[in-house]
Amino acid sequence: MEIVLTGVAKSYGDHPALYPLDLTVKEGEFVTLLGPSGCGKTTLLRIIAGFVTPNQGRVYLGDTDITDRPANRREVGLLFQSYALFPHMTVAQNVAFGLKVRRLSKRRTAEQVDRMLDLVSMSEYADRYPRQLSGGQQQRVALARILAIEPKVLLLDEPLSALDRQLRIQMQLELARLIAEVGITTMFVTHDQEEALTMSDRIAVMDRGTIAQYDTPGEVYDHPSSEFVASFIGRSNLIKGQVVPAGAGGAQFRFGSHSLPLRADAVRRAVDVGEAAGGIGHRTGGTAVERTLLVRPDHLELLPATATAGLPGTVATFQDLGEAFIYGVDLAEGPQLTVRVPRGRGEGLLAVGAPVRVVLNEAAAEWLIPAPVGAP
Amino acid sequence: MADPGTGGCAMTAAGEALEASLMEPERRRFRAIPAPLLPATIVMIVLLVAPLAVLLSYSVLEVNGAAVEGGISFATFGRLLSSRYFWFLFGRTFAIALGVTLLCLVIGYPIAFLITRVRGWLRAVILVAVAAPLLTSGIIRAFAWIVILGKQGLVNFALTSTGLADEPVSLLFQVRSVVIGMTQLLLPFMVIPLISAIQDVPAETTHAARNLGASEFRIFWRVLVPQTVPGAAAGITLVFALGYSEFTLAMLLGGGSFNYLSIYIYDSMTSLLDWGRGAAAAALLLASSLLTVVILNLVVRRLTRWSRQTN
Ligand SMILES: Nc1ncnc2c1ncn2[C@@H]1O[C@H](COP(=O)(O)OP(=O)(O)OP(=O)(O)O)[C@@H](O)[C@H]1O
Ligand SMILES: [Mg+2]
């Protein structure tokens, strides 16, 4: 079922945790709330689950306003970060708890418990107590317990953060598969951007109580709406400079004494959104505008110092990620750039201090960060 | 095992104890006392175990008054166990201790629950009120109850002056006053373990229950209370063992005609100078108390299977 938030805001005392925000999660959609610690993700989920009362705004489930409904009558399943299994009940009793509340017959309860444990592949552990299970197993039981009551929407608050990396990746896939199988509308909280990118239909990037951007993973990665989003998702090079008109409708990005040609669509979207299409010269009145250029590290390449193309610099840092190398290159003129070179592509390692040239590769999709509202 | 020299004295001793328990189960009792506990162990033996052994030995010796006259004999036990009065007293003591335990549980649980839910000065006030009996002497406490419950006491004053009763009700020097006094005295032994048990219940489990649709009533009985069984068991054990052997309050609040197992032992020893009978009754008191506690713990172990790591 659809989740709609309109103008929802929450303060603890006089400390605002959420500024008024609107958010719609479509039927069957998997949406991730992504943001740094303390940005209000848990607060938002708890408002939907009914554990936190918003100071203003309404919460809708489908067409029903549930803002004033008590938490135990919302049919909103919340999976807790700590799993919150009942330690004094067996796995089967845990899963049956919500069904007993709903006064299902013994037989139907048992059937549903079996079905759910089967779904999460935990049938053989039905008589164990939570303490006798591993973290990943506990989490699957918690998921079965929630799905058993067939909630209208599913909320997950960092369900994977307590697991080690290997298990987390495995559970990511499994969770995504299970949720797709059930087809339930899902909101998922994480501060792990990789998790967000791999699992979601849409990502809501949050920043200090606001939603900075709400879009598909591809859009958020390629076309971030602000420097915050750009630097929060993926590695990024943010270069400050000027956009200046060049030739017929084209433009260049200038920083230091360097200039890079810009594709027209990047300029159109970032420089003056909303105005009729036209040359950059027309839109800027022929003058330069200050902007920040985003270049992802995998859109840059390193060339030998003897090459003529590219910008000269020296290797300042080096990091081996396994599947790729990350170089930090100090430009002779300008900022330090991060360059990602896939392993097997680089012709041998470059030592720190080595002179190189940096060039945009063919796949490069540079992006100008739109100006904040109100700026020129 | 790690180098025994690096772990310090306690570690070494613990390591040795562990080793002993692994290698020689039948001998571990003698080797398991870690060296740092030795002084305390000696004090316990000299001040507790030895006098107790001497006392209990009187129950199986032929004694006349306080003088040992012959060898081993179980005649005293026989005399005691064939006495109807002793069985009556035994039953009454057990029933009162059990009743006080149940009262403490029923009163203590809401108090403990309240203490975990309130903050600041209110919490401090309730805590001090509950713990106050531990801070005053037994005799003063008993006299305070006499002032409250006596014929001219506070309760009767309130009853007669408001017209709820025509003449003073007798509250004192009965089973009733002993139960009231003991419940107040032993309440903290119930409340304090319960507080920590309630605080140990993860708040998220109650949230999860609410999220699954449970009412507050169901959350309380099905989620919260079961998780506090270990704490309740600790409280029940303490209150029962202490109430079962309580002496001062029984003596002072019970009045002259009230009898209790502990008073019976006291009378045997001091007034009648029948040390054999006193010792035998003491042995039975001790044994039945231990037995009750053991049975109780077996029941609790069964109820709290979930808190153990493995099957
Ligand atoms: N019960 C509370 N009382 C007061 N302040 C709170 C409370 N809960 C949250 N806050 C504050 O509200 C803000 C948002 O908290 P929230 O828990 O929603 O963050 P989050 O995005 O979930 O962070 P994390 O990633 O660390 O879980 C924080 O500044 C936090 O300190
Ligand atoms: Mg959180």
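1. A polar contact is taken here as a pair of N or O atoms within 3.5 Å; within protein, one atom must be able to donate a hydrogen and the other to accept it, and residues adjacent in sequence count only if both atoms are side-chain atoms. In this predicted model, local features need pLDDT of at least 70 and side-chain atom pairs count only at pLDDT 80 or more, whereas totals for chains, interfaces and linings use all residues. Residues are numbered from 1 along each chain as its sequence is written, chains are lettered from A and ligands numbered from 1 in the order in which they are written, and side-chain values use heavy atoms, without hydrogens and water.

2. Oxygen atoms of ligand 1 take part in several such contacts: one lies 2.8 Å from a backbone N or O atom of A:Gly38, one lies 2.5 Å from a polar side-chain atom of A:Ser37, and one is 3.2 Å from a polar backbone atom of A:Cys39. Taken alone, ligand 1 exposes 630 Å², of which the protein buries 60% (Shrake-Rupley method, 1.4 Å probe; for residues, only the protein chains shown count as cover).

3. The residues around ligand 1 (a heavy atom within 4 Å of it) include A:Tyr12, A:Lys41, A:Glu158 and A:His191. Helix H1 (41-49) and strand E2 (15-25) of chain A each give two or more residues to this shell, and H1(A) gives the most, with 3 residues.

4. Chain A has 376 residues, of which 49% are buried (under 20% relative accessible area, 1.4 Å probe, protein chains only). Its secondary structure comes to 10 helices and 20 strands (DSSP runs, H or I of at least four residues for helices and E of at least two for strands, numbered from the N terminus).

Definitions and conventions
Buried < 20%, exposed > 50% of the residue type's maximum accessible area, 1.4 Å probe, protein only.
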